[in-house]
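Open your viewer and get ready to click along with this tour. Each stop tells you what to select next and what is there.

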Amino acid sequence: MSMALAGNVIAAGQDACCHILRFRLQGPDEKSGSSAPSKAGGAEKGPRKRKAPSPSEQGEGDTRSEAGEVAVETLCSVQTDFSPDALQKAVRVSADHSLLATGGADGFLRVWEFPSMKKMLEFKAHDGEIEDIALGPENKVVTAGRDFQCCVWQRDQLVLRLHWDENMPGVPDKTYRYQACRFGTVPDQAAALRLYTVQVPHKRGRRPPPCYLTKWDGKSFLPLLTQPCGGEVVSCLSISDSGTFLGLGTVTGSVAIHVSFSLQRLYYVKEAHGIVVTDVAFLPESRWGRELLAENEAALLSVAVDSRCKLHLLPPRRSFPVWLLLLLCAGLVVATILLLQLAFPGFL
């Protein structure tokens, strides 16, 4: 139910434990062993003959995959939650892949050396369950809990508690709780960071109130902008590599993409899964990722309890070419001058 990725190492939560796994991609040749060296006598001469398929294979030949497989080995497994109904709910790896933080039903934040999983820090962060964790700069950690608190920590010292509704007097106290938190970069500002949080209603009624997205300054942790993000309860949050887009999944299976600048929604598919979306992730904005994106602005993957993974493509937003805008402005100026000349002869 929780997972973090660091290179080719996975930290996966299952019940009370965190399993550290290493994966490796195996190509078709490696999988079948056809790349093994030939017998004594050197390389084979002449064209390689292909074995004719058997009658049973001929009927299924169109459905066989030539793709490789993923080989997985378990490095270690450690217990990360110790409550009566133990469950690891959040796991996050630091940017340099040296630390891993876990949180769960017992409300304790635990920081581990990664990938050896030697415990480095452990303290009670929330009275209830920890819903999400975000690792920030200068060894700061942000935790979101079911106790209505979102806290910033420096090791085990509380730096401050966030108050998203301080500029929204119409929101009664303890009607919303924090569901997710993530750090993201600022487009065109390499050194700047933003923190994004999701607030969901603590109780649901017949006419459910909206959920909210809040953008914070990544250093001062002051709220910069808050916008509603729909009436469906948000279950997960993701930020694109460039910090331009935010991806949301809901408990009813819907998926949405918002732009980080204004927090406005750009893309939405109602009940894309029809059941709880457990995680969303943007396609990396690397060279390989850009090749897969083609002409689209972003690609978001969503996974849900229905055991399906779906790809959501954000098409290019319609924009007005600058040259056309300048041409229209020049035409408007010329038309205005001509009208003035007709109305007032000798104007020029």
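Helices (H or I, at least four residues) and strands (E, at least two) are DSSP runs, numbered from the N terminus. Residues are numbered from 1 along each chain as its sequence is written. This is a predicted model, in which local features need pLDDT of at least 70 and side-chain atom pairs count only at pLDDT 80 or more, while totals for chains, interfaces and linings use all residues; side-chain values use heavy atoms, with hydrogens and water left out.

**The whole chain**

Start with a cartoon view. The protein has 4 helices and 23 strands. Of its 348 residues, 38% are buried. Here buried means under 20% relative accessible area, exposed means over 50%, and partly exposed is in between (1.4 Å probe, protein chains only). A contact means heavy atoms within 4.5 Å. Among contacts between residues at least 6 apart in sequence, 45% join residues at least 24 apart.

Now colour by pLDDT, the predictor's confidence in each residue, from 0 to 100. The mean is 86, and 87% of the residues reach 70 or more. Select residues 34-50: pLDDT stays under 50 here, and the model has 4 contacts beyond four places in sequence for this stretch. Residues 55-60 are also below 50, with 2 contacts beyond near neighbours in sequence.

Most residues other than glycine have a negative phi, and most peptide bonds are trans. With that in mind, select Ser307, in the loop between strand E22 (298-304) and strand E23 (309-314). Ser307 is not a glycine, yet its phi is positive, about 65 degrees. With a relative accessible area of 71%, Ser307 is exposed.

Next, go to Phe114 and Pro115, which are joined by a cis peptide bond with omega of about 10 degrees. Pro115 sits in the loop between strand E7 (108-113) and strand E8 (118-124).

Then select Glu271, in the loop between strand E20 (265-269) and strand E21 (277-282). Its phi is positive too, about 50 degrees, although Glu271 is not a glycine. Glu271 is partly exposed, at 47% relative accessibility.

**Strand E19**

Val255 belongs to strand E19 and is buried, with a relative accessible area of 0%. Not counting residues up to four places away in sequence, Val255 touches several residues, including Tyr268, Ala272 and His312.

Move along to His258, also in strand E19 (residues 255-259). Is His258 buried or exposed? His258 is buried, with a relative accessible area of 1%. Show its side chain: it reaches the backbone oxygen of Leu263 at 3.1 Å. That is a polar contact, a pair of N or O atoms within 3.5 Å; within protein, one must be able to donate a hydrogen and the other to accept it, and residues adjacent in sequence count only if both atoms are side-chain atoms. Leaving aside neighbours within four places in sequence, His258 is in contact with residues including Leu213, Cys229 and Arg265.

Arg265 is worth a click as well: it lies over the face of Tyr268, at 4.2 Å from the ring centre. A charge sits over a ring if NZ of Lys or CZ of Arg is within 6 Å of the ring centre and within 35 degrees of the ring normal.

**A cluster of rings**

Rings of Phe, Tyr and Trp (its six-membered ring) pair if their centres lie within 6.5 Å; planes under 30 degrees apart count as stacked, over 60 as edge-to-face and the rest as tilted. How many aromatic pairs does a search of the whole structure find? There are 5 aromatic pairs. Select Trp164 and Tyr176, an edge-to-face pair, 5.4 Å centre to centre with 75 degrees between the planes. Trp164 lies in the loop between strand E12 (157-161) and strand E13 (176-186) and Tyr176 in strand E13, so the pair ties together parts 12 residues apart in sequence.

Tyr212 is in strand E15 (residues 212-217), 48 residues from Trp164. Ring pairs link Trp164, Tyr176 and Tyr212 into a cluster.

**Last stop: cysteines**

Finish at Cys181, which is buried, with a relative accessible area of 0%. Its sulfur is 5.1 Å from the closest cysteine sulfur, in Cys150, too far for a bond. A disulfide is a pair of cysteine sulfur atoms within 2.5 Å, and by this rule the count comes to 0.
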